[in-house]
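Good morning, and thank you for making time on the agenda.

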Protein chains: 2
Amino acid sequence: MPSETKTINRIKVKINGEDYYVRGKVSTEHIAKVAKYVDNKMCDLSRRHPDLNQLRVAVLAALNITDELLRLKQEYEEFLATFDDELKD
Amino acid sequence: MPSETKTINRIKVKINGEDYYVRGKVSTEHIAKVAKYVDNKMCDLSRRHPDLNQLRVAVLAALNITDELLRLKQEYEEFLATFDDELKD
């Protein structure tokens, strides 16, 4: 897990061609990694759907990333359940 | 994991007050769950930052969700690594 910092870090990032100032109580490296992930996703969606405006691209990116998050959560929970079952046997 | 369907399902959802048609090769229940997650996140961010426009809110939501995804990925990988180590002992 990215460890929390005592201070709030703030960096400037470019996401799908727009500048954003992003801040958080984590390292600037973690913030940059998160921003790069969203930038890649939005740039890819913009290329594949050039008719969509920036807002639709951002919402579609959020939907895609949420789909990944919920799938991973489910996979992790299923793995933990199997692991628990094995410990019981 | 949500199992893939043979057909593409398409539903209308409301995200932060706007209508979107979302489609995917998964159940309509899974699509609705994903959309609800993004809607909750964007509505919450809009309330907390009323000065931000819709695009900034959507990008901020995507950043927050990516942060959750990358943290969960790391936690899962660390757990798997510990699990592997225990099997080796």
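What is shown here is a predicted model, and it scores ipTM 0.90 and pTM 0.90. For chain A the average pLDDT is 92, and 97% of the residues score at least 70. Where in chain A is confidence lowest, and where is it highest? The lowest mean, 91, belongs to helix α2 (residues 54-88) of chain A, while helix α1 (residues 28-48) of chain A has the highest, at 97.

Let me turn to the interface. On the side of chain A, 38 residues are in contact with 38 residues of chain B. About 4000 Å² is buried between chain A and chain B, and carbon and sulfur atoms give 73% of that area. How many salt bridges are there between chain A and chain B? The count is zero.

Next, a helix of chain B. Helix α1 (residues 28-48) of chain B comprises 21 residues and reaches 30 Å from its first C-alpha to its last, close to the 30 Å expected at 1.5 Å a residue. Several of its residues are buried, among them Ile31(B), Val34(B), Val38(B), Met42(B) and Leu45(B), and the buried set also includes Asp39(B) and Lys41(B).

His30(B) is found in this helix, α1 of chain B. Its relative accessibility is 9%, and therefore His30(B) counts as buried. Leaving aside residues up to four places away in sequence, His30(B) touches Asp67(A), Leu70(A) and Arg71(A), together with Pro2(B).

The backbone deserves a remark at one position in each chain. Most residues other than glycine have a negative phi. Asn16(A), although not a glycine, has a positive phi of about 50°, and it sits in the loop between β1 (9-15) and β2 (18-24) of chain A. In chain B, Asn16(B) likewise has a positive phi of about 50° without being a glycine, and it lies in the loop between β1 (9-15) and β2 (18-24) of chain B. Is Asn16(A) buried or exposed? Asn16(A) counts as buried because its relative accessibility is 14%, and Asn16(B) is buried, with a relative accessible area of 14%.

On the cysteines I can be brief. Over all chains the structure holds zero disulfides. Cys43(A) counts as partly exposed, at 24% relative accessibility, and Cys43(B) is partly exposed with a relative accessible area of 24%.

Finally, the charged pairs. Side chains of opposite charge can pair when their charged atoms come close. The structure holds twelve salt bridges over all chains, and I shall show three of them.

Lys14(A) and Asp19(A) meet through their side chains at 3.2 Å, N to O. Lys14(A) is exposed, at 51% relative accessible area, whereas Asp19(A) is partly exposed, at 33%.

Asp39(A) pairs with Lys36(A), with the closest N and O atoms 3.4 Å apart. Both lie in helix α1 of chain A, three residues apart, about one turn of the helix. Asp39(A) is buried at 10% relative accessibility, while Lys36(A) is partly exposed at 44%.

Lys41(A) forms a salt bridge with Glu68(A), the closest N and O atoms being 2.6 Å apart. This pair links distant parts of the chain, with Lys41(A) in helix α1 and Glu68(A) in helix α2 of chain A, 27 residues apart. Glu68(A) is partly exposed, its relative accessible area being 23%. Lastly, salt bridges that share partners join Lys12(A), Lys14(A) and Asp19(A) into one network.

Methods:
Residues numbered from 1 in each chain as written. Chains lettered and ligands numbered in written order. Predicted model: local features only at pLDDT ≥ 70, side-chain atom pairs only at ≥ 80, totals over all residues. Heavy atoms only, no water. Disulfide = S-S within 2.5 Å. Buried < 20%, exposed > 50% of the residue type's maximum accessible area, 1.4 Å probe, protein only. Helix = DSSP H or I, 4+ residues; strand = E, 2+ residues; numbered from the N terminus. Expected span 1.5 Å × (residues − 1). pLDDT = per-residue confidence, 0-100. Contact = heavy atoms within 4.5 Å. Buried area = accessible area lost by both parts, 1.4 Å probe. Salt bridge = Lys/Arg side-chain N within 4 Å of Asp/Glu carboxyl O.
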